[in-house]
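Dear colleague,

Please find below the structure that I am handing over to you.

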Amino acid sequence: MACLGIKLCIHRLGVFKLPSFTSSTNCMLLLLHFASNQMESSSLFLLLVFLLLSLIADLSVQAFTGTYGINYGRIADNIPPPESVVTLLKAAKIKNIRIYDASHDVLQAFKGSGIEIIVGLGNEYLKDISVWEDHAMNWVKENVQPFLPGTKIRGIAVGNEVLGSTDPELWEVLPKAVKNVYDAVNQLHLANTIEVSSPHSEAVFANSFPPSACVFKETLLPYMKPLLQFFSEIGSPFYINAYPFLAYMSDPEHIDINYALFQPNPGIYDSKTNLHYDNMFDAQVDAAYAALEKAGFGKTEVIVSETGWASKGDANEAGATAKNARTYNYHLRKRLAKKKGTPYRPKIPVRAYIFALFNENLKPGPTSERNFGLFKADGSISYDIGFTGLVPSSASSSLMGPGDGGWFKPSNMLVLATCAAVAPLALTS
């Protein structure tokens, strides 16, 4: 709308041959050019300034409502269908999710739900899409555009933890793949709606303690800097997968588990910034801010794309218990609900996607990988952090309810969700 206003306004100034522009960034640049030449016309100048301010407000696509989201992984053969997941999320009042692909079944099921989704473009597509711009366009046309606007797709995550991987070939193609996906989004006039990003693991950092000392690995800078520059130009944040659980598990002898779990502890003091940290989550977020600042991108926002705690693990996976998982996720939820910043960025509310929605029984690797879910496969809660499961926590899949579909038939789940919402009213009336 603001871009249309700019065209009309400039048209009134007698300029009829306008360059083609579609994104807010290009609109703003054109507006600045004409505003600088029209200061003598006070009314038109004020209108241009108003439109400029409108564009600045719209320049960064917000793919996240509020501060709390969740990752909806589906490497399992026993979790409920997407239609039931919608009911579960709405009952829990979770408004933001990330998926690791662009499943048409999921996107169709979420139509009309109002839940905002970041879809994933897998690492296996990056080399192809980095070379062929038309393939990026085809991917967006097939996996994003047909579901809009009914399904609220708000972002595309291009790859996952690419620069933290051990594949230099993927490092090289990531910046170009990201650009081609964004160009496709932009050409389809979706750039003001769809955010393009790429999440990273903690492996992109050379060190992260204390937070102010954090820097990106030198070997990654030739790929990280162009990526950050492009994200800066299009207004995308820096997504980081931050896991105090993994940090504690790697060094339980020297890391206070209370510091990792938001429990009372002495904390750490960063002598360079004179800041005190009483939990590792905040320290990990600020470490990312420090690394960005050293790389020249101090104004880039950090969003946590994954964080969580395993409720079960192997003998060598320290801290992987249901009690610790409950403690971490309960206090993290409370911390995010306060919508406050970190010690180093106190004015920027921290936003995070929890990993994960369900335990995923087919994930490879150690036992912990299959036990990050806030909910069990049958829809009951893994532990109590304030959410209500769609079946009692003691229920098993063999006691799910009437019919072959159990309680996961959409009609039954809607009744359960409605009852859960009405019960408190009945108790207080």
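A residue is called buried here if its relative accessible area is under 20%, exposed if over 50%, and partly exposed in between (1.4 Å probe, protein chains only). Helices (H or I, at least four residues) and strands (E, at least two) are DSSP runs, numbered from the N terminus. This is a predicted model, in which local features need pLDDT of at least 70 and side-chain atom pairs count only at pLDDT 80 or more, while totals for chains, interfaces and linings use all residues. Residues are numbered from 1 along each chain as its sequence is written, and side-chain values use heavy atoms, with hydrogens and water left out.

I begin with strand β1. In a regular strand the side chains alternate between the two faces of the sheet. In β1 both faces are covered: Y68 and I70 on one side, and G69 and N71 on the other, are all buried. Two strands are said to pair if DSSP finds at least two bridges between them. β1 pairs with β13 in the parallel sense over 3 bridges, and I70 stands opposite I354 of β13. β1 also pairs in the parallel sense with strand β2 (residues 96–98), over 2 bridges; there, I97 is the bridge partner of I70. From β1 the chain crosses through helix α4 (residues 82–92) to β2, and this β-α-β crossover is right-handed, that is, with the strands pointing away from the viewer, the path from the first strand over the helix to the second runs clockwise.

Turning to the rings, the structure holds 18 aromatic pairs. Rings of Phe, Tyr and Trp (its six-membered ring) pair if their centres lie within 6.5 Å; planes under 30 degrees apart count as stacked, over 60 as edge-to-face and the rest as tilted. F64 and Y353 form a tilted pair, 4.6 Å centre to centre with 50° between the planes. Because F64 lies in the loop between α3 (42–58) and β1 (68–71) and Y353 in strand β13 (residues 352–354), the pair ties together parts that are 289 residues apart in sequence. Both F64 and Y353 are buried.

The ring centres of F245 and F372 are 5.8 Å apart and their planes stand at 80°, so this pair is edge-to-face. F245 is in helix α10 (residues 244–250) and F372 in the loop between β13 and α14 (410–428), 127 residues apart. F245 is buried, with a relative accessible area of 0%, as is F372, at 5%.

With kind regards
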